[in-house]
4 protein chains.
Amino acid sequence: MAVFDVERAADVIHDGLFAQQHRGQEGAGMVVSDGQRLQLHKGPGLVQEVFPGDRLVDLPGRLGIGHVRYSTCGGDRAQNIQPLLAECADGPWAIAHNGNLTNAAQLRRAYQQSGSIFHTTTDSEVLVHLLADPYYRSRIHRVGRALAELQGAFAFVLLTPDSILAARDPHGFKPLVLGTLGQGFVVASESCAFRPIGARYLRDIEPGELVTINRDGLASYQFAEPAAHGAQCVFELVYFARPDSLVFGHNVHQVRVRYGMRLAQEHPVEADVVIPIPDSGMSAAIGYSRASGIPLDMGFIRNHYIGRTFIMPEAGKRATGADRKLSVLPETVAGRRVVVVDDSIVRGNTARKRIALLRECGATEVHVRISCPPTRHPCFYGIDFATSEELLAAGRGVEEIRGSIGADSLGYLSEEGLLEPFGAGGPRFCRACFNGDYPVPVTDGRGKLALESGLTCESSARAAATRKGAS
Amino acid sequence: MAVFDVERAADVIHDGLFAQQHRGQEGAGMVVSDGQRLQLHKGPGLVQEVFPGDRLVDLPGRLGIGHVRYSTCGGDRAQNIQPLLAECADGPWAIAHNGNLTNAAQLRRAYQQSGSIFHTTTDSEVLVHLLADPYYRSRIHRVGRALAELQGAFAFVLLTPDSILAARDPHGFKPLVLGTLGQGFVVASESCAFRPIGARYLRDIEPGELVTINRDGLASYQFAEPAAHGAQCVFELVYFARPDSLVFGHNVHQVRVRYGMRLAQEHPVEADVVIPIPDSGMSAAIGYSRASGIPLDMGFIRNHYIGRTFIMPEAGKRATGADRKLSVLPETVAGRRVVVVDDSIVRGNTARKRIALLRECGATEVHVRISCPPTRHPCFYGIDFATSEELLAAGRGVEEIRGSIGADSLGYLSEEGLLEPFGAGGPRFCRACFNGDYPVPVTDGRGKLALESGLTCESSARAAATRKGAS
Amino acid sequence: MAVFDVERAADVIHDGLFAQQHRGQEGAGMVVSDGQRLQLHKGPGLVQEVFPGDRLVDLPGRLGIGHVRYSTCGGDRAQNIQPLLAECADGPWAIAHNGNLTNAAQLRRAYQQSGSIFHTTTDSEVLVHLLADPYYRSRIHRVGRALAELQGAFAFVLLTPDSILAARDPHGFKPLVLGTLGQGFVVASESCAFRPIGARYLRDIEPGELVTINRDGLASYQFAEPAAHGAQCVFELVYFARPDSLVFGHNVHQVRVRYGMRLAQEHPVEADVVIPIPDSGMSAAIGYSRASGIPLDMGFIRNHYIGRTFIMPEAGKRATGADRKLSVLPETVAGRRVVVVDDSIVRGNTARKRIALLRECGATEVHVRISCPPTRHPCFYGIDFATSEELLAAGRGVEEIRGSIGADSLGYLSEEGLLEPFGAGGPRFCRACFNGDYPVPVTDGRGKLALESGLTCESSARAAATRKGAS
Amino acid sequence: MAVFDVERAADVIHDGLFAQQHRGQEGAGMVVSDGQRLQLHKGPGLVQEVFPGDRLVDLPGRLGIGHVRYSTCGGDRAQNIQPLLAECADGPWAIAHNGNLTNAAQLRRAYQQSGSIFHTTTDSEVLVHLLADPYYRSRIHRVGRALAELQGAFAFVLLTPDSILAARDPHGFKPLVLGTLGQGFVVASESCAFRPIGARYLRDIEPGELVTINRDGLASYQFAEPAAHGAQCVFELVYFARPDSLVFGHNVHQVRVRYGMRLAQEHPVEADVVIPIPDSGMSAAIGYSRASGIPLDMGFIRNHYIGRTFIMPEAGKRATGADRKLSVLPETVAGRRVVVVDDSIVRGNTARKRIALLRECGATEVHVRISCPPTRHPCFYGIDFATSEELLAAGRGVEEIRGSIGADSLGYLSEEGLLEPFGAGGPRFCRACFNGDYPVPVTDGRGKLALESGLTCESSARAAATRKGAS
């Protein structure tokens, strides 16, 4: 996120990042400008770990940017935590990136050939080199020119000593919203960051738009044509964003309730109780219960002392995290036919364990309902599903998946169902993870560790995609 | 909690305490016996902070006890964290205590007069002195004799190098459950600790019962007559325990759903949507929605990166914690008549803020429903409501409370409603916090800092009660 | 040490402990009184580690006591770090102890039999129980009565909310000095603590004397007759104390220079250069060079980033510490006959290695001169030589020792030499470590872990003595 | 330092850096290669703080480089700690630098103009950019070509995945020595690093020499003509190096003893005792005593729990450090005429305080003897004297200095005296700090913060020189 002309920018960024903590738990950082120089603090861990109260005092200033880091297993080195800070010939720049560039490796190689040095293994670092390149440096609308070189998914915020900038890729993969705070401005990935800091939602940053904010106010440029067929990430609505955010102009919770209602129409079942997987399946379960008339009840209890599992970096931690996170309420399910609602099945291990647990606790039937289509293809634009091999649904029919997880029935929302809540003029989604139809070709070595070869000489055979969290 | 004859007792206790983390977040500790000597590790903070993975390796053994600490503001000194460890003439003892003794100050004064030295300001420490006292040391059933001297609320677990013991006060204020794990045994405050460690619920420890478990198996003694009119803490069911626990033989979630249903009968209202305060009001909201037919929806979103507010030690932290914890979903409440369901109102500050926020987000009416009667009297047996002055309902009628928090209507569950789910043979509850009828007289200086006078010479005018968390 | 009526007692104690850091590096602690209550902070490590600057701010008050902890391998548990703090019937007491009690185990056993509970495995804790005992509590001159029960070596400082007390055992084993600081008072083990805090040396606390200092000024009591044949620890002068301290009324450096001169007379040798072991042998080497006319030079260089070896708790650390601590200067010793001067040989391993290293660097002859007699007997009064088996000189003649360490010649100062600097009216020393003539019988299980049996049930076969550092 | 083909390179580098800890205490770091990839660990503080034992386990490999950081107040940012690590088009490089480049700012500016990005404010970083530059990358003897662009003082060690390199500037300002360790090689700033790791001194790296060591053995190149009039830093001999090192082929201690002897001839005085400032003046004091016949004695005692003062980053810490570091031994100086020997006077504050303290303790006369000429000019090659304004001797005659520090007489070693120990064929020294005759012109903005402008936009008016510690 970015803020301009606010009291104690560091405190505001802190609270905004904290509200967006669900977007990345591996690291956090911010750069604040006192009008002349940029000061950076970042580190691994949660926002509250990286910024204990007194740390913020050392970061005076009225403008700055912040970031929470998500993903990049194998590549979770400290220097990859953002914002990145660099000194160009005309002064310092800080950047934070959400999304995944698809031509970063080519650009990186070209810059390295001409003598440039890279310090991280993130794709984001190429933007720094473009900004430092004399060719772009001498251009009018330099930042826009540099951004136009990038392909893939990106929402960027940038900071100079006296301005903030924000840009969104021409396909609009990633959400990026603009708000006002007093006389100042705020940019964030999700609008849920606005209320806790007292900001008001103004509008989305548009695909292909660059916004610059400085003493003279806000100016908007179109650095690239919006892609004819936009490609907004539907998974943000399905899974990633917080229910109280506006994403692509729609309230996330309400969209999910609609998905649940549609799911009840597409995949009805005779059952005694609808139970959500907390908290990811809650909204859709409310919708399913509402449309089906089957009563909603709590069948799983969440231990609040563990963070979100899906987003943790190592496979090992995932397993342990899942075990301790949810407990079954036997009294709810014993002797009953249960409909379990969740937002997605990725690897399937967790689903399998939970279904077995429900049966162990006496459920007579377990019907699973998922509020999106089967995720069969990896994402190269910023969601960390890992590789095709790890996706349970890749190359498998629904019946096979059902058997694998041990459910009595399994129903996924249809692709049409995904679009229903929006009507004709709604967002154009990227649905590559469901149908393999990638809106931007992926030319780079595909995978999260694609850029790791340099400093660590690891095998490039590992192929998970590098992605970043929320700016 | 206590475990006997299990593989890696330290790991088992860790997982059991983790599942009971909601019972206390100020400190955690455990003592493990390798059959000959007792090793202690404890510290301030959450279980996962006090016991990072590798710490557990240093605590070998097949039996041990553990504790999470709750409350005692003003008195949150490190040495008060339990278990307490002491060497008597016949060897070492460790104890952990849940509840609040009402005659600790007298016993303490008597022991000090005879030359004994106290190292904590907890009430629990008097049991150590009783056990060390030659009078009791020479008695058959020494522990039972010592326990019989205590008044008030207590669930104790004790550890010697080769045995564990567990006892519950004659009124049965606090829950204490017994389970089996393989060939071994487990004792815990709540049964939710059992599933994650693979244990099975056997039965409750009874009021006035002392259970000893050693190489020769389990033995049970009645160290005191069960009180004619038991006094189990109804607030455990209303608020404190986890929904998936069995407390006093009843599933907590189901009791709360029943409370919500009854509440809908006692305090019906015309409205558009029922929203719970997550997660404390969830079960009752399901019940209210079910009985009233008003649809349930999510009106508040919880930030999962903050722990439970009610239980934090300092007033200051409470305020901040509440602000960042819940966000409103304006789309759910705008233009609607809203029923908000929660389990209790203590000071009222949080309720007032949230109601205002709902109106700000467009709610046309806000009706508050609370799944217990007004809490008008302080608890001296182990729940930290603080003092009467801090309790909003103390000395106020419901209408006055409604005005104070700014609701359009306010309905509390009746005392009869509290009993309804259990029928004739149900538990006998302590309801002192609702009606001021204290089942055990409180003779000590009433308050959390009652025993602080010694080492710190603080004013005894401060009067919140000392309490401890889950063993 | 103890201070009374000084600005910011915590700062003064910090600086005084820092100057006495050589007396103990395992732990440090202090208790400060604000006139009403006592506040404690202590922990393992060096003074600067335990008390980072800002810690001291939290300890307001004008009086207090402090301690640095020395020794106790096996028993280096956190709770053994001093001062000890306890609440008696008449209020809180804090104590800090330098020395080693010889009847602690008996007293401890007696108190345990009567129901008292011990929380440390130090001998010092028995004084707390004596002070809490109603028998002594009711006595006039209670503290003196309690002290009179103790046998062995002790220098105690005590703190109540409004006074400090200081006492020295009747034999005067351990040094204890009294000074003034502005209108206030200071008590310390060594006078080197005085200059950095701006205090002035007044006099020694006398054997058998108890000094109390409160609002009414200083009062002195003789709680026990001074022992007819005093027994001051000569090893304080030889090794333990800092060169700039006054110990038993004599400057340590000057005494050591005299020892070096006498050593040159007792054990002359033809050689080219005298080299000290830095810094322990420096003073005596100056004396040896001065009396012999053989030039002094630096043959060893000390790495200043390692602390004093002798005093570290574990055998393992000792070995490593020694290796990295000193480097030879080959240019000083190559082709030369070298006299190496040090203050003592304990286990002999270090001496052996260093002599070998000198030869490797080209020394043609290595003559070792030690400024005290052979240490053949363990100390039970507070110096941690470990057991007889570990003492190289135990049961060995000088010639055998010489062979063992590989020197060309070896000369120890005679017992007469030890006394020479003082003349007829000089101090009466304890020389038990040289001649086995123990001035106070040792009735307890001899050894550092003698009191460990309780909480940890370790074998009592381990037999090193429990000792404490400087108060 | 650098090592090649040794068991557990990380352990060896650790021990070597530890022996060179006196060369820099602000930070430490190392990069180790396992033959394929480079792994970095570095941080602020002492070697033992940055590398607790278990850290080293994570750095497997048989070759690597390490560094301890010295100086750069204002610029002591974490990213300036070395080694620096960078990925060029042809793979990763790590470098560590001792000394100060005088044309770094120009090179930096040029690279920034062409689009390069800098991440530190150290001068050393320009070498990374030279190595990445396609012009040099395509050259035979690329590293030599790159090094030839640099001006000023440098001793560099470099690491690639399979080789180490070492180079020394053509003037030979900084020491750099080569040794063997088993079948492998070691390069270090000072030979004192060799003995603790079991290495043997082979020879100095020569001015203008580049040594490369890889699987094929050691190769030597002359990347630049040695400067006609070499300029070795005489302050290394006078002050900086450890007494047991060979610097420029001479044992440091012996040279200092000779300086002390010469000082006695140049500035004789009638006095009773010669006392060194420990430990910096010890060698020269031995020489002074030897040549004058005045007995040497200890007049100051050093507290071993404080590190070396001169080298700490902040002025504030210097002051406090000095106060607690030395105590006077009044018994040595009272009633005596004292000669105090030290190696230098920089700001004069410490000298003034110590002389006053000696008089307070009863010294009747205080004569100060300094084993080098007055330091009147700042160093731009790597010693942190700070600015001219801070140098007491800048623009002042000896008599004025004497008055300022309050000595009865003051004698400095002459420039001729500095050369005496070496005779005709000895080293050619840089003596700029004494006579202002700078062997390499300083064209950059002079000062330690010269390169700070970028990221922090601080005023360039601050003018202390950037310098680095030992490699």
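Domain bounds come from an automatic or database domain assignment. For chain A, this assignment gives domain 1 (2-231) and domain 2 (246-422). The C-alpha centres of domain 1 and domain 2 of chain A lie 33 Å apart. The structure is a predicted model, in which local features need pLDDT of at least 70, side-chain atom pairs count only at pLDDT 80 or more, and totals for chains, interfaces and linings use all residues. Residues are numbered from 1 along each chain as its sequence is written, while chains are lettered from A and ligands numbered from 1 in the order in which they are written.

The relations between copies were examined next. Two copies of a chain are related by a rotation about an axis and a shift along it. Copies are superposed by least squares on the C-alpha atoms of residues with pLDDT of at least 70 in both. The same surface serves both copies, as 100% of the contact residues of chain D recur in chain A.

Residues are in contact if their C-beta atoms, placed from the backbone, lie within 7 Å. Chain D and chain A each bring 27 residues to their contact. Helices (H or I, at least four residues) and strands (E, at least two) are DSSP runs, numbered from the N terminus. On the side of chain D that touches chain A, strand E5 (84-88), helix H4 (104-113), helix H5 (125-132) and helix H18 (453-456) of chain D each supply at least two residues. E5(D) gives the most to this side, with 4 residues.

Chain D is also superposed on chain C, by a rotation of 180 degrees with 0.0 Å of shift along its axis (RMSD 0.1 Å). That is the relation of a two-fold axis. Here D:His304 is the residue of chain D closest to the rotation axis, at 3.4 Å (C-alpha). The copies meet through the same surface, because 100% of the interface residues of chain D are also interface residues in chain C.

Within chain D, 4 strands form an open sheet with parallel pairing, in the order E17-E20-E21-E22. Strand E17 (273-276) and strand E22 (409-412) of chain D stand at the edges with a single partner strand each, so one side of each is left without a neighbour in the sheet. Two strands pair if DSSP finds at least two bridges between them. Strand E20 (residues 337-342) and strand E21 (residues 365-370) of chain D run parallel and are joined by 6 bridges. D:Val340 stands opposite D:Val368 in E21(D).

In chain C, helix H11 (residues 282-292) is mostly covered, with 9 of its 11 residues buried. A residue is buried if 20 or more other C-beta atoms lie within 10 Å of its own, exposed if 12 or fewer, and partly exposed in between, with C-beta atoms placed from the backbone. Among the buried residues of H11(C) are C:Met282, C:Ile286 and C:Tyr288. Their cover includes helix H10 (252-266) and strand E17 (273-276) of chain C. C:Gly293 follows H11(C) and has a positive phi, near 80 degrees.

Conventions
Two residues are in contact if their C-beta atoms, placed from the backbone, lie within 7 Å.
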